[in-house]
Amino acid sequence: LHWFGEAAANPGVLEAVVNSLVAGISATVLALILGTLAALAVQRHRFFGRESINFFLVLPIALPGVVTGIALRTTFITAGIDLGLATIIVGHATFCVVVVYNNVVARLRRTSGSLVEASMDLGADGWTTFRLVTLPTIRTALLAGGLLAFGLSFDEIIVTKYLAGTDQTIPIWIYKNLQRPTNRPIVNVVALVVGLLAIVPVYLAQRLASG
């Protein structure tokens, strides 16, 4: 218990926790918005380049993290963007979008498009149809995708390492302090807590996705 108290009072740990939460929540929100819009466009409509969009959406999670991290780092540096929490959020969102997209597409494939057509025939506009018909059918898929996206973002280290700059998240803090003997007990405590917490969103996502 002593080391749990030490970890809770460590300013580096507190800063890393806040950064991890901000990055995880922000990346998840971006992923929910972009992933849902992409899933609705790809699944509900037929247009030129549809398969290409589907391929490029799935690509970030298929590529090794090193490739994604280096590519994004080079892009940001070339564009003159300072590396930090904002670039971490963008980097995490690139693979979190895939998780949300896959969940929503899978749910839409099991949902009849006649419900949307019936709503439109009855005079509902696009937003009303989405709010009253589409959203209730994909709600659990969004929750599952959001939870899984947050879990992936919270413990991501490879992409984060290339995009963090002077900022640090919990995985980066653990990595930097792992070789310091004086900090090892605190590192062990933080790693244990992070590992336990990471199980929760993944478990809930699995239950929601299967429900």
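Visitor: Why is Thr-28 called buried?
Guide: In this predicted model, Thr-28 has a relative accessible area of 9%. Buried means under 20%, so Thr-28 falls in that class. Thr-28 is part of helix H2, residues 11-44.

Visitor: Why is Val-17 called partly exposed?
Guide: Val-17 has 28% relative accessibility. Buried requires under 20% and exposed requires over 50%, so Val-17 counts as partly exposed. Val-17 is also found in helix H2. Its C-alpha lies 9.1 Å from that of Phe-154, although Val-17 and Phe-154 are 137 residues apart in sequence.

Visitor: How do you know that H2 meets helix H9, and at what angle do their axes cross?
Guide: Gly-12, Val-13, Ala-16, Val-17 and Ser-20 in H2 meet Ile-170, Pro-171 and Trp-173 in H9. By class, this contact has 6 nonpolar, 2 polar and no charged residues. The axes of H2 and H9 (residues 170-177) come within 8 Å and cross at roughly 145°.

Visitor: How many aromatic pairs are there, and why is the pair of Phe-55 and Phe-56 called edge-to-face?
Guide: The count is 2 aromatic pairs. The ring centres of Phe-55 and Phe-56 are 5.4 Å apart, and their planes stand at 70°. Pairing needs centres within 6.5 Å, and edge-to-face needs planes over 60 degrees apart, so the pair is edge-to-face.

Visitor: What makes Phe-56 exposed?
Guide: Its relative accessibility is 55%. The class begins over 50%, so Phe-56 counts as exposed.

Visitor: Which residues touch the most other members of the largest nonpolar core?
Guide: They are Ala-39, Cys-96, Tyr-101, Val-104, Leu-108 and Leu-163, in a core of 28 residues. Two or more residues each come from H2, H4 (65-78), H5 (85-109), H7 (126-154) and H8 (158-163). H5 gives the largest share, 12 residues.

Visitor: What does Leu-163 touch?
Guide: Leaving out residues up to four places away in sequence, the residues touched by Leu-163 include Leu-72, Phe-76, Leu-83 and Ile-88. A second, separate core has 12 residues, among them Ala-7, Ile-170, Ile-174 and Val-194.

Terms used:
Residues are numbered from 1 along each chain as its sequence is written. This is a predicted model: local features need pLDDT of at least 70, side-chain atom pairs count only at pLDDT 80 or more; totals for chains, interfaces and linings use all residues. Side-chain values use heavy atoms; hydrogens and water are left out. Helices (H or I, at least four residues) and strands (E, at least two) are DSSP runs, numbered from the N terminus. Buried means under 20% relative accessible area, exposed over 50%, partly exposed in between (1.4 Å probe, protein chains only). Rings of Phe, Tyr and Trp (its six-membered ring) pair if their centres lie within 6.5 Å; planes under 30 degrees apart count as stacked, over 60 as edge-to-face and the rest as tilted. A nonpolar core is a set of buried Ala, Val, Leu, Ile, Met, Phe, Trp, Tyr and Cys residues joined through side-chain atoms within 4.5 Å. Contact means heavy atoms within 4.5 Å. Axes are lines fitted to C-alpha atoms, for helices over the stretch in contact, and angles run from 0 to 180 degrees between N-to-C directions. Ala, Val, Leu, Ile, Met, Phe, Trp, Tyr, Cys and Pro count as nonpolar, Asp, Glu, Lys and Arg as charged, and the others, Gly among them, as polar.
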